[in-house]
Amino acid sequence: MTRGFSRTLSRLLQLALCAFIAGCARLPTFHPIGEAVMESDAKTICHSLVAKRQSVRSARALVNATVRAGNDVASLRYAIVAKEPGRMRIDLLPLEGAYTLGLLVVTREGATLIDTTNQTFAKEMDAEKLTREFVGLPGLTPEVVVALVTGQLPALSCSSSEVFRGKDGQVMIRDRGSRIVWEVVSDSSAIKSAHILSQSGERVEALVGIRDGEVGFPTVDFSVFSPATASAEMIVRKLTINKEIPDDLFNVAVPSGYSRQ
């Protein structure tokens with residue numbers, strides 16, 4: 001990775017992304033809880049969960065993150081703004097102060113990453129690729145980020161859903177168009193955990209757990225599996241849902257003089 005925001009963070013993100021370089025040979029196999037239910041039952045369960053979820057049209061969150069890989073640790077803050085359809089902005093901030101070290105803007109047309117520290121930028125049609133590079137974690141589309149910081153199941157296509165049900169009532173659900181398998185509380189559709197799968201759907205690239213934080217917002221724990229396993233704890237410090245967000249927050253021009261990477 002060439003676009004680092006500090007030497008320590010750059011090294012951590014390299015380690016976290018090691019699995020994508022090495023392939024899936026060392027990644028754990030995905031084992032769903034319980035058995036897959038019949039297609040007709042899966043649709044019924046999916047519709048029931050979707051009916052219980054809180055519709056999140058927009059969200060703002062301030063997240064404190066600690067990333068660990070081996071003996072290396074880096075702490076930082078993310079200011080996250082997301083708005084339907086498929087728009088997201090993430091500002092990387094120091095622990096103290098509000099100036100931006102770098103930012104990522106995602107829209108339906110692609111993604112732009114701006115590194116203000118090194119005065120470089122990148123543009124990609126593959127928004128997930130730049131999101132993974134910026135945050136250091138796989139599978140983070142705008143919809144997934146909103147789901148994780150709010151703890152609410154994202155919108156699902158129930159016509160293509162796959163559902164696993166355990167003996168104790170645990171439920172896992174996956175939209176086959178997505179790489180994410182969500183474990184939910186069946187009576188509320190609140191997210192308990194998520195498995196981020198490889199393209200084949202057989203291996204787990206990252207495991208995400210959601211628990212109640214100290215300030216009443218979720219704490220999100222990531223485990224990224226690779227030859228040098230990395231982990232991250234993301235504590236949501238502030239969160240507002242479904243408040244008006246101006247569109248111009250997602251219209252960010254690259255400063256003059258910045259070089260493309």
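Reader: Which residues touch the most other members in the largest nonpolar core?

Author: Tyr 78, Trp 182, Phe 222 and Met 234 do, in a core of 57 residues. Keep in mind that this is a predicted model.

Reader: Which element gives the most to this core?

Author: That is α5, with six residues.

Reader: What does Phe 222 touch?

Author: Leaving out residues up to four places away in sequence, its contacts include Leu 137, Leu 140, Leu 148, Ile 196 and Leu 207. Val 208, Ala 230, Ser 231, Ala 232 and Met 234 are on the list too.

Reader: How confident is the prediction? What's the average pLDDT?

Author: The protein averages 84, and 89% of the residues score at least 70. Residues 1–25 are the stretch to watch, with pLDDT below 50. In the model this stretch still has 59 contacts beyond near neighbours in sequence.

Reader: Noted. Switching to charges. How many salt bridges in the whole structure?

Author: The search finds 12. One of them joins Arg 108 and Glu 143, at 3.8 Å from N to O.

Reader: Where do Arg 108 and Glu 143 lie?

Author: Arg 108 is in the loop between β5 (102–107) and β6 (110–115), and Glu 143 is in helix α5 (residues 142–150). The two are 35 residues apart in sequence, so the pair ties together separate parts of the chain.

Reader: Arg 108, buried or exposed?

Author: Exposed, at 56% relative accessibility. Glu 143 is partly exposed, at 35%.

Reader: What about Arg 179? Which residue does it form a salt bridge with?

Author: Glu 205, with the closest N and O atoms 2.4 Å apart. Arg 179 sits in the loop between β9 (171–175) and β10 (180–184), and Glu 205 in strand β12 (residues 204–212). They are 26 residues apart in sequence, so this pair also ties parts of the chain together.

Reader: Is Arg 179 buried or exposed?

Author: Buried, at 15% relative accessibility. Glu 205 counts as buried as well, at 7%.

Reader: And Glu 183, which residue is its salt-bridge partner?

Author: Lys 192, with the closest N and O atoms 3.6 Å apart. Glu 183 is buried at 10%, whereas Lys 192 is partly exposed at 37%.

Reader: Which residues are linked in a network of salt bridges?

Author: Lys 83, Arg 87, Glu 244 and Asp 247.

Reader: Back to β6. How many of its residues are buried?

Author: Six of the six, so β6 is largely enclosed by the rest of the structure.

Reader: Which way do they point?

Author: Gly 110, Thr 112 and Ile 114 point one way. Ala 111, Leu 113 and Asp 115 point the other way.

Reader: How do β5 and β6 run, parallel or antiparallel?

Author: Antiparallel, joined by six bridges. A hairpin connects β5 to β6 through two residues. Leu 103 has Ile 114 of β6 as its bridge partner.

Reader: How many bridges join β6 to β7?

Author: Five, and the strands run antiparallel; β7 covers residues 120–124. Here Ile 114 stands opposite Phe 121 in β7. The hairpin of β6 and β7 has four residues between the strands, and in it Gln 119 takes a positive phi near 55°.

Reader: Last topic, rings. How many aromatic pairs?

Author: Two. Phe 30 and Phe 164 are edge-to-face, 6.3 Å centre to centre with 75° between the planes. They link distant parts of the chain, 134 residues apart: Phe 30 in the loop between α2 (18–22) and β1 (35–36), Phe 164 in strand β8 (residues 161–165). Both Phe 30 and Phe 164 are buried.

Reader: Why is the pair of Tyr 78 and Phe 134 tilted?

Author: Because their planes are at 55°; the ring centres are 6.3 Å apart. Tyr 78 is in strand β3 (residues 72–83) and Phe 134 in helix α4 (residues 127–135), 56 residues apart. Tyr 78 and Phe 134 are both buried.

Definitions and conventions
Residues are numbered from 1 along each chain as its sequence is written. This is a predicted model: local features need pLDDT of at least 70, side-chain atom pairs count only at pLDDT 80 or more; totals for chains, interfaces and linings use all residues. Side-chain values use heavy atoms; hydrogens and water are left out. A salt bridge is a side-chain nitrogen of Lys or Arg within 4 Å of a carboxyl oxygen of Asp or Glu. Buried means under 20% relative accessible area, exposed over 50%, partly exposed in between (1.4 Å probe, protein chains only). A nonpolar core is a set of buried Ala, Val, Leu, Ile, Met, Phe, Trp, Tyr and Cys residues joined through side-chain atoms within 4.5 Å. Contact means heavy atoms within 4.5 Å. pLDDT is the predictor's confidence in each residue, from 0 to 100. Two strands pair if DSSP finds at least two bridges between them. Rings of Phe, Tyr and Trp (its six-membered ring) pair if their centres lie within 6.5 Å; planes under 30 degrees apart count as stacked, over 60 as edge-to-face and the rest as tilted.
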